[in-house]
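Reader: Please show the model, and let us then discuss selected contacts in turn.

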Amino acid sequence: MQVRNNWTLEEINEIYYRPLLDLIYDAATIHRQNKAYGEVQISSLISIKTGGCKEDCSYCPQAARYRTGVEVEPLMTVEKVKARAEVAKANGASRLCMGAAWREVRDNKDFERVLEMVSEVNDMGLEVCCTLGMLTYEQAERLKEAGCFAYNHNIDTSVENYGNIITTRTIDDRFKTLNNVRKAKLSVCCGGIVGLGETDDDRVKMLHTLSTMEQHPDSVPINALVAVKGTPLENNERVGIDEMLRMIATARIIMPKSVVRLSAGRNEMSVAEQALCFMAGANSIFAGEKLLTTPNPDFDTDMQMFKLLGLTPRKPFKDAIKQTAETLS
């Protein structure tokens, strides 16, 4: 299937609302044509700076204004991050994502330490992904030079619904950072969250925004809301597996070359439900006991699932060039 960046809302609607089994079949067919079917990237996510964030994201337990029981922790040491990365690599992870509860990156000693973390983990042969909030082009360049491979910055929901979820920044702030990341030639990881109280129209519009970018995101995380007590969305109902399947399958069809990441909410899914997600086109998961501050299946549980389903872990830097001292010189 040829990559398109001119999808219309009507076309995506037609795909999204296909009979579910037909939709999964179509997505699986396109997946087989564009990806190594059954190959799934294992990523590990570390919260390198937890809690105390100034933002008011309605879903996030790390916002300082909400009482969620998340304790504020300072920026981790480089040594602790390396130790966590070694565990992740030993358990099959090929990508390590480091997340900090910041509104934006600041040019200070903390950012210098993050750059050192990036360099050390890159030297271990892992893809390094960072999610640190908003950043400038110059900061994106510095991350790239340190060995950062990808940057995650989700749009979360539709442009129209964004202000209902977050008021401390705008969707245009998100797009500005994404443009800086792309300009610095970092791999773009950008997706959203299902279960925020949005409509199906919002979900289709979010996928439309992603699929009509000048270049599709290299990675598209599809997150199911993990409702955390103390946040404004604490009483939201759990997202149904059919809703997740429609999002994953539609993303796979309209963005056939992107990695579609089955992200938050996987801890609530059975193996059979996850198998359907892989069939529908998901080809990446986050493994390890936590996703920043919310529960997640541990490595051993995931390895048992991989064996049962015949899945193969994807190697790091597949179809890409690892950043090394030689390639940067």
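Reader: Is Lys 82 buried, partly exposed or exposed?
Author: This is a predicted model, in which local features need pLDDT of at least 70, side-chain atom pairs count only at pLDDT 80 or more, and totals for chains, interfaces and linings use all residues. Residues are numbered from 1 along each chain as its sequence is written, and side-chain values use heavy atoms, with hydrogens and water left out. Buried means under 20% relative accessible area and exposed over 50%, with partly exposed in between (1.4 Å probe, protein chains only). Lys 82 has a relative accessible area of 29%, so the residue is partly exposed.

Reader: Which residue does the side chain of Lys 82 meet in a salt bridge?
Author: A salt bridge is a side-chain nitrogen of Lys or Arg within 4 Å of a carboxyl oxygen of Asp or Glu. The N to O distance for Lys 82 is 3.5 Å, and the partner is Glu 120.

Reader: How many residues apart in sequence are the parts that Lys 82 and Glu 120 tie together?
Author: Helices are DSSP runs of H or I with at least four residues, strands are runs of E with at least two, and both are numbered from the N terminus. Lys 82 belongs to helix α3 (residues 78-90) and Glu 120 to helix α4 (residues 109-123), so the separation is 38 residues.

Reader: Are Asp 302 and Arg 266 buried or exposed?
Author: Their side chains meet in a salt bridge, 2.7 Å from N to O. Asp 302 has 2% relative accessibility and counts as buried. Arg 266, with a relative accessible area of 1%, is also buried.
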